[in-house]
Each structure stands twice: as C-alpha cells, then as structure tokens.
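The sequence and coordinates are shown first, and the points follow by topic.

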Amino acid sequence: MQESDLVRPKVGRFCRTEIAFLGTSPGKVKELVFRLIENLSDNWNLGYIDCDHQSSEMEKELGIDSSKALSHKARVEIIDKITFSRADFRKAFSVPERHVLLNDIDAAFINGNHFKASKQILIIDKDKTPTLHRKINRLSNVLCVVLADDATKDDIPPILYERIHNLEHKPIFDINNIHAVAQFIEITLKADTGNINGLLLAGGRSKRMGGKDKARINYHGKEQRFHMKEILTKYTMKAFMSCRPQQLKEFSDQADLLPDSFIDLGPFGALLSAFRQNPNCAWMTVAIDLPFVDDKTIMHLIQQRDPSKIATLYKSKDTGSPQPLLGIWEPRAYLRLLQSLAFGKNSLRDVLEDANIKLIEPLSDHTLSEVDTMDELDIAIKQLSQQNSI
C-alpha cells in the first residue's frame, strides 16, 4: 500500500473529539467544564486538558519538590493512588503521544485559553469581550455560544459575526443551564460516533473440516458467504468479506472483498486490515462458521452497541467469555490491536484482556454455535432445517 493510499484516522491535536472552551477566564472555563463532565460522565469517558502556569512559576521560585522522583533526574514517575494512577513525565507530549494517551477517551474538553482544538464552544463574558478579537483564529469550528453571568446575545461582538461562519445560527445557552449545554454536547458526541461497516470473516483454512470451504456451505438456500453478506449489507454502511490474498481469484464472483494486508494472522489480521482500510468507522465482525446468526442477532447487537467501549460483543452462555468474532469493534480498537501486535500478540482474546468492553447475552442457545467439523455441520443443518420449518 502506497503512503498516499493510507487512510488517516480523523483525529485532532489531542483525540478524535476535542472541544475547546474559550471567551472567559481560565478559572471560569474550568468551573464550567467540571460541571459538564459531572453531568455527562455516566455515559461518556471524558478528559480535561489545561495548563498550570501557577505551579510552573512556583517551581521557578521555590524549586522542584524534592519528594518527587523528577527532582532527582527521573524521566518518569508513576504513582498508584489506589483509586487512580498518576504519571508525571519530564517532557512535553507530542501529538502522536497525546493520541495514544487519550485513545480511550470519548472526548477531551480543553481550556481554550491555552490550547487549540478542532471544535470550540464560545463563551461570551462581558469582562472579556474586548479581547475576543485576539482569539478569532482559534474559532475555526464553533459549535454553540454560552452566555456567562448577565451577558446577552447583544454582547456578542459584531466582528465575530463577520469572521465566524454561520455564527448567527448557532445555538445559544445560558451558562447556568448546564443540563441544556450537556444535552447539546451529547448530541455532538453521538454524531461523532463512527458508522458501522460489516466484516464477514471468511479467510480460514478449514483444516478441521478437511479443507471443505465453510464459505460455500449452503445452510439457507444459498452459500453462506452470500447469505451472511446480504444480512450485513442491510444493517451496515457497507459490508465486506475478508479473505486471504490467495483467495481473491477463488472468490472473484464476490463483491467487496477485503484481502488481508496483515498476513497469516487469522481473524486478528483480518480486523487489522479492515481498520487499515477505514480507521474512522466501527467494524462489525461475523465469522463465516456461525450459521445461526440472523437478522435478529445483528439488530440486537446494533441496539446494544456502546461506542464508549473498545467493543460490544456477545457473551458465551457456557463460559461467560466474549466471542470476538461476533461483535462491534469501535475505532479506538485499532490502536489496541496494533499495540498487541507490537508486543508479539496476535489473538483477539488477548486484546480483550482488561479491555473496557460491553458483553451482551445471545438471543438463543444456538446463536454462538460454531461449525468447525463435519459432525457439527450435520447437526447444524438438521437444526436449521427444523428451525426453518417451524
């Protein structure tokens, strides 16, 4: 793949969704942001980005705290605070390092007095409006306007209407109406949630079935690859069938093939290849050897999707463990997959260890039944025949 063909994730300076608050003092920004985080934290993983000039000045005046490892030339100090962990680094984070650090965050709220962000919320504070013109270059994508204290719409400087596209049509909220502001931000967060593409996993070698191609087995009146692809197409933006590069000619009659670009890594490589093809959407995986997956299974999965997690997966009734080959993997899973590969792990189950995932119950005892052997094939065909005759 040429560099120009590589699809880049849609991320800002800090993470995928970042909102800067500016137009008032740093203290008022912090107060507003903290109230919003408290209001939204039940459903979203949120972060806060700020700059601490006061501590920096105190360090210059009094010296670095000698109880800290950084004052003794350590490059990093990690403290387990029992209820949370803190890491201090003697360096500034680069943009890629920020993206890694904030990968699991749904949105970062940023003090716009210190940092730029790809989206902004403009605060109108009468004490600060005379200086707002200095920050117009930071107002590239204003989402809404918040009126601080006793400010009104008339206090918005005319120059802002001239320089900010469509400002007159932006929603306006009172700073004390936190619930309304939070609701508006939640709509923005939901809009930033990636669409879902389908990925039918069909690159296996079927060794336990003596080489019989699982994709060509007829359970429902047509080959499974066509049957399952039709279902995925109904419920996703676009559905693909993954395969090994050697299978491209074999499946030349199949639309939207997605050959592995991470070779010989099984489903792990197939999912990585999908994210490489489009890192800005979620990917719904369905293994070709799950013949009991139907419309209801897919609809239930979409209804139960939690985009604040790494993945939403069906749970095995027998073991309670997640089934990684039947679920929705969010865009943030891409980095987790690459990190696992860097440490020599190529199992989706390894990726899920200690990961923030949502597990849902299958709709029936047969939903997760796999067909890996000829005996299992005979049983599945009989069960499906009885099921379809009811």
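**Strand 13 and its surroundings**

Gly 320 takes a positive phi near 80° in the hairpin formed by strand 13 and strand 14, where 6 residues lie between the strands. The model is a predicted one.

Pairing of strand 13

- Strand 13 (residues 311-315) pairs with strand 14 (residues 322-329) in the antiparallel sense, over 5 bridges.
- Within this pairing, Leu 313 stands opposite Gly 327 of strand 14, and Lys 315 stands opposite Pro 322 of strand 14.
- Strand 13 also runs parallel to strand 15 (residues 357-360), and 4 bridges join the two.
- Leu 313 has a counterpart in strand 15 as well, standing opposite Leu 359.
- Strand 13 is mostly covered, with 4 of its 5 residues buried.

Nonpolar cores

- The largest nonpolar core has 51 residues, of which Trp 283 and Trp 329 touch the most other members.
- Helix 7 (residues 266-277) supplies the largest share of this core, namely 6 residues.
- A second, separate core holds 27 residues, including Leu 36, Ala 107, Leu 143 and Leu 189.

Helix 6

- The end C-alpha atoms of helix 6 (residues 224-235) lie 17 Å apart, which agrees with the 16 Å that its 12 residues should span at 1.5 Å a residue.
- Buried residues of helix 6 are Gln 224, Arg 225, His 227, Met 228, Lys 229, Ile 231 and Leu 232.
- The packing partners of the buried residues in helix 6 are strand 9 (196-201), strand 10 (239-243), strand 12 (282-287) and helix 8 (295-304).

A loop residue

- His 114 is found in the loop between strand 5 (107-111) and strand 6 (119-124).
- The relative accessible area of His 114 is 22%, so this residue counts as partly exposed, since buried means under 20% and exposed means over 50%.
- His 114 and Pro 331 are separated by 217 residues in sequence and by 28 Å in space, C-alpha to C-alpha.

Notes. Residues numbered from 1 in each chain as written. Predicted model: local features only at pLDDT ≥ 70, side-chain atom pairs only at ≥ 80, totals over all residues. Heavy atoms only, no water. Expected span 1.5 Å × (residues − 1). Buried < 20%, exposed > 50% of the residue type's maximum accessible area, 1.4 Å probe, protein only. Contact = heavy atoms within 4.5 Å. Core = buried A, V, L, I, M, F, W, Y, C linked by side-chain atoms within 4.5 Å. Pairing = 2+ DSSP bridges.
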